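Here is a short report on ring contacts and a ligand site. Look over the sequence and the structure first.

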Amino acid sequence: MDVVVVQCLIEALPMAISTSVSYDGRLLIATTSQSLLKYALSDSPSFDIRLADSRKDFAKKNVESMAVASGFLLAVDGGVVASFSLDSLTLREYIPATKGASLLAVCPAESREASENSLVAIVVKKRILIYSISLDGSMRCVKELATPERAHILVWLNANTIACAHPKRGYFTVALDSNSTTDLFKFNNSLFSAATGASAKIGIAILPKGQLLLTRNNSGVFVNSDGSPLIERDLEWSGPPDSITYSSPYVMALIAGAVEVRSLTTGGVVQRIDFPGALSMSVGGESLIHIASSNCIWRLLPVSFEDQIEHLIASNQFNEAQRLIEELEFSSEDEKVLFGWISSLHVFQTKKKIERGQISNIIRVRGLYAHHMFTVERKYEEAISLLSELRASPIDIVNLFPQFSLLGPSSDPPVTDKTALATLKDYLLSQRQILSKLRRLHQRPNNLPWNQIPPPSTSPLTGTTAATIAAVSSLFSGSDHGVPDSIPIPENMIANADDALFLSSVVDTTLLKVYLLVNEGLVGSLVRVENFCDIQEAENALKQSRKYRELIDFYYGKGLHRKALENLDEPDAIMQYLHRLNIVAHVDLFLEFSEPIFNRNVEEGLNIFTERYEDVPLKTHLRIIDFFERKSAQLETRYLEYLIGNLDSERPEFHDRIVLLYLQRLVEQLTRSESPVDATESVEMLFVDAEAEASSSDFLLLRKKLVLFLENSKFYRPERLISLFPDDVLLEEKVVVLGRLKMHRESLFICIEKLANFNLAKRYCEMHYDPKDPTSSHIFVDLLSLLLGPRTPTTSAAQKDQIIPMSDIIQYLIRYGTFMHGTAALSMLPDSLPLACLVPFMEKTLQTGQFSSRSGMLAVNLAKMEHMHIQDALIQSQSALVTLDEEKLCARCSKRIGNSVFACYSEKLLVHVFCMSK
Amino acid sequence: MSGRGANSRRRPMLKVIILGDSGVGKTSLMNQYVNRKFTNQYKATIGADFLTKDVEIDGKNVTTQIWDTAGQERFQSLGVAFYRGADCCVLVFDVNNSKSFDQLDSWRDEFLLQASPRDPDNFPFVVLGNKVDLEESRRQVSQKRALAWCQQKGKIPYFETSAKEAINVDMAFQTMAKNALDQEADVEL
Ligand SMILES: Nc1nc2c(ncn2[C@@H]2O[C@H](COP(=O)(O)OP(=O)(O)OP(=O)(O)O)[C@@H](O)[C@H]2O)c(=O)[nH]1
Ligand SMILES: [Mg+2]
């Protein structure tokens, strides 16, 4: 994999390069012919390099080492350090005290305070001279350090420490303040013992965290800056490096004309680039690695890490990709530990250090890895558990299965592996639980500090919100109840309510499809409990698998009753379904879909409407009546009978309507039969309370029903109904209604003149007689006058013959005489009547008269007695004696009675008359 | 979780889960069965809790582990793992509370979803209509109605119980253990 690409800066220079230095978009080259070339580089808009300046003979001898500090160029010119102005490239001074110098190194700017002068370390034999360079370029020796050997390599670790290497002695550090030397690694140590000698190639690379990589020939060891070895790692190069350096996150070595890039963690070779004739490698401007041969200079541009990661992913090297990210972003061990927790909520408590982008990067890589595991390696369980550990969206997991994918139809074959489907099923079930908690969470915004939780992507989490999330998740997990397997809500799922619903729909719909494949027995359970299955999809899936019962249950759960009913054709099934519905809410469906039930069995049809537990409002009743009215009068009657008989409805409309329906049916039957069914002897039975005989005709039964209803119902409106009754038939019924209207004369007229039914008339009078009501107090006399009066011309021929015999009239007089006004009755009697017949009547009337006058007298005398008793008591009370003195107080106002007018209660309580009246 | 398998020498363990609306008497039934105790005081169960009891069924020694759950919290608080490996599920309702009976359907369905038995139609359930000791006038669910439901759901055994007066409690749990054991035997074959 390419982690760096090569950019050629100088190619085929006609002079030989001795040394070079680059800084701030400039490149200075010293040639063996003592010339100095200054190039200007620019990277934007596109890379460009041009010669900006040059000096011939700028040095006296060959320049071996150059460095830039504080706007000055320092060069070791023939063993003496010289300084030049960077701008003009003119010589400022030679520093004679540095005679014998072999190497110089400027203390990196990041290691010192900005206000301080730059420091440069110059190796002069077995000494290191530290010079300070002031802004005007004047150099002053501030320190002289002694070293055990002449340093061949010198690097600043920090402003106080310099690390050196000597091919025989080994590696050591020198402290500026104490001028003391500490061995990092001495070559009489075993590790390097195999290859000792002056020709050994040595190198030092500074790694993060104060660690160092020390190389000698092929071998490399890692040490802390105090020299303590990090034994768990070491590094073997393919050859002895001429130079090594660290460029995050790799170490690079120049080995025999090639650059080798190695991973710091694995030590493996990441990239190798040939640079024919390359002699040196150094970190230059923009912290880029520069490579120089005798006539070329290249620099290494790091491939953007994202591109590197992409590359690794493309070649399925997921672990490498993940490691790269880890190497890149987290050099500290603590932070690496965090990655173990990446999937847990704890990460948010310490997460401040981590950039969100880096986390998502890792998640993405691991996600892709899981994807690879799933699709290529077919490690289904591992892949799904990795993804759920990463809190991947359920959508991602569902999409792993082309047959369930939300991305639409795919050419990939469906995943039918049993384990894969079982794993998916378990995963979806657990998501169902999480989502149901989530939905409840959204449903009760008042109970929870919901608004305190910021959307995860917008603001960094503070300690409080992390605590809130923890609280929220513990609230909904069973963990604090001692229940196993608590399910905290993943932080990235605490999205908005709509998302929760959408995810619920994805999860449930997929679960349904999975069940259809792996465990059909559970499909019913899923559609019956609260579920968020997509209606269209569930419908299709269930129909395809011919799960019609489940389809109906699904519709029921979703409240799609019309659809359910449309899919039912069996009367029994429709009946069962309707029985489960609330008739108030769904009366339309009842009316629309009950047809097949009625067609099969009218009773069953009616039952649907009458066997209800709910309180059905009038509106619904009216709808149903209207429906039955159009269907059949018989059904309407049956329903009204249910309303009035079973539900005790007192609506006058219902009562009127049922009377009308009964009447209509009777009239209809009358007109249908040739001879009127009206048999007089059976008419008597109409008014008998006993159950109708089994032999009675339907017609008669109905009449009895109507009469019974008219007599018992208090809610029909007789004034409206009376006009509906025919004039010549069903007169018995009409009489009942007339009675209700107190139209007694008309009633009795019908009884006597039209029906010639004396018994009926008598019964009528008994029922309606009321001495206190002026209209009803004289009905017995009215009847008498009818009996005795002239026959009207309307009387039919048949009835004319049936003149009521006088003996019956006299019986009547005797029986009911007491309810008649005696003189009025007497005056009506025909003169021809023998007086003897009237004796029993007179006796009875007189007895009654006497009885009432005696009872009257008794009452008067009793009242007088009582009056006297009361007067006596009054006198007693008034004669009571009350003594008044200064202490007597009014019982009301508690003031003295004194001379005021007072009243006395029987218990000898005294009050002011004034107070009493209050 | 339950000591399945021929190689397990220990006595077999049956995991039983009791479900039903809050207040129907799940905890009371378990207490009556295991501890022979009853209290009129109501203390809602939180989460879940279990008691064990050793029983002898058809000459076989079996440990029943009876899990009592909270009627108030529904399923969400208990994970799938909790229901997995259940050998029997006891559904309880209060015969004096029609709503608790109506809920049986959803308790059963939710249980099946979570436990995911291989053969849901033949999973051993037992239905208990509890609190039959109260006056007949308070009764809202007839024996007929309950039996019809049990019949329709695949011949689930039905018992009318009283945790208070220890009516049918032993019998119900005994039947439940037997059915669960039979089921296990079927699975092993
Ligand atoms: N009369 C009578 N009361 C009972 C019976 N069983 C339980 N109870 C009472 O009903 C109430 C509720 O009983 P619990 O056993 O706590 O109910 P639960 O089903 O465990 O309720 P949750 O824990 O909320 O799900 C208590 O007051 C019991 O005393 C019974 O058989 N008869
Ligand atoms: Mg309980």
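## Charges over rings

Arg580(A) lies over the face of Tyr556(A), 3.9 Å from the ring centre. The model is predicted. Another such case involves Lys762(A): its charged end sits over the ring of Phe758(A), at 4.5 Å from the centre.

## Aromatic pairs

Over all chains, the structure holds 33 aromatic pairs. In chain B, the rings of Tyr33(B) and Phe173(B) are stacked, because their centres are 4.3 Å apart and their planes meet at 10 degrees; stacking requires planes under 30 degrees apart. Tyr33(B) belongs to helix 1 and Phe173(B) to helix 6 (residues 169-188) of chain B, so the pair ties together parts 140 residues apart in sequence.

Both partners are shielded. Tyr33(B) is buried, with a relative accessible area of 3%. Phe173(B) is buried too, at 2%.

Chain A has a cluster linked by ring pairs. Its members are Phe590(A), Phe598(A), Phe609(A), Phe627(A), Phe628(A), Tyr639(A) and Tyr642(A).

## The ligand 1 site

Around ligand 1 there are 24 residues; Ser22(B), Lys26(B), Thr27(B), Ser28(B) and Tyr42(B) come nearest. Seven residues of the shell are nonpolar, 12 polar and five charged. Helix 1 (residues 26-35) of chain B gives the largest share, three residues.

A side-chain N or O atom of Ser22(B) is 2.6 Å from an oxygen atom of ligand 1. Asn130(B) places a polar side-chain atom 3.1 Å from a ligand 1 nitrogen. From the backbone, an N or O atom of Lys164(B) lies 3.3 Å from a ligand 1 oxygen. The protein covers 93% of the 650 Å² of accessible area that ligand 1 has on its own.

Terms used:
Residues are numbered from 1 along each chain as its sequence is written. Chains are lettered from A and ligands numbered from 1 in the order in which they are written. This is a predicted model: local features need pLDDT of at least 70, side-chain atom pairs count only at pLDDT 80 or more; totals for chains, interfaces and linings use all residues. Side-chain values use heavy atoms; hydrogens and water are left out. A residue is near a molecule or strand if one of its heavy atoms lies within 4 Å of it. A polar contact is a pair of N or O atoms within 3.5 Å; within protein, one must be able to donate a hydrogen and the other to accept it, and residues adjacent in sequence count only if both atoms are side-chain atoms. Accessible areas come from the Shrake-Rupley method with a 1.4 Å probe; for residues, only the protein chains shown count as cover. Helices (H or I, at least four residues) and strands (E, at least two) are DSSP runs, numbered from the N terminus. Ala, Val, Leu, Ile, Met, Phe, Trp, Tyr, Cys and Pro count as nonpolar, Asp, Glu, Lys and Arg as charged, and the others, Gly among them, as polar. Rings of Phe, Tyr and Trp (its six-membered ring) pair if their centres lie within 6.5 Å; planes under 30 degrees apart count as stacked, over 60 as edge-to-face and the rest as tilted. Buried means under 20% relative accessible area, exposed over 50%, partly exposed in between (1.4 Å probe, protein chains only). A charge sits over a ring if NZ of Lys or CZ of Arg is within 6 Å of the ring centre and within 35 degrees of the ring normal.
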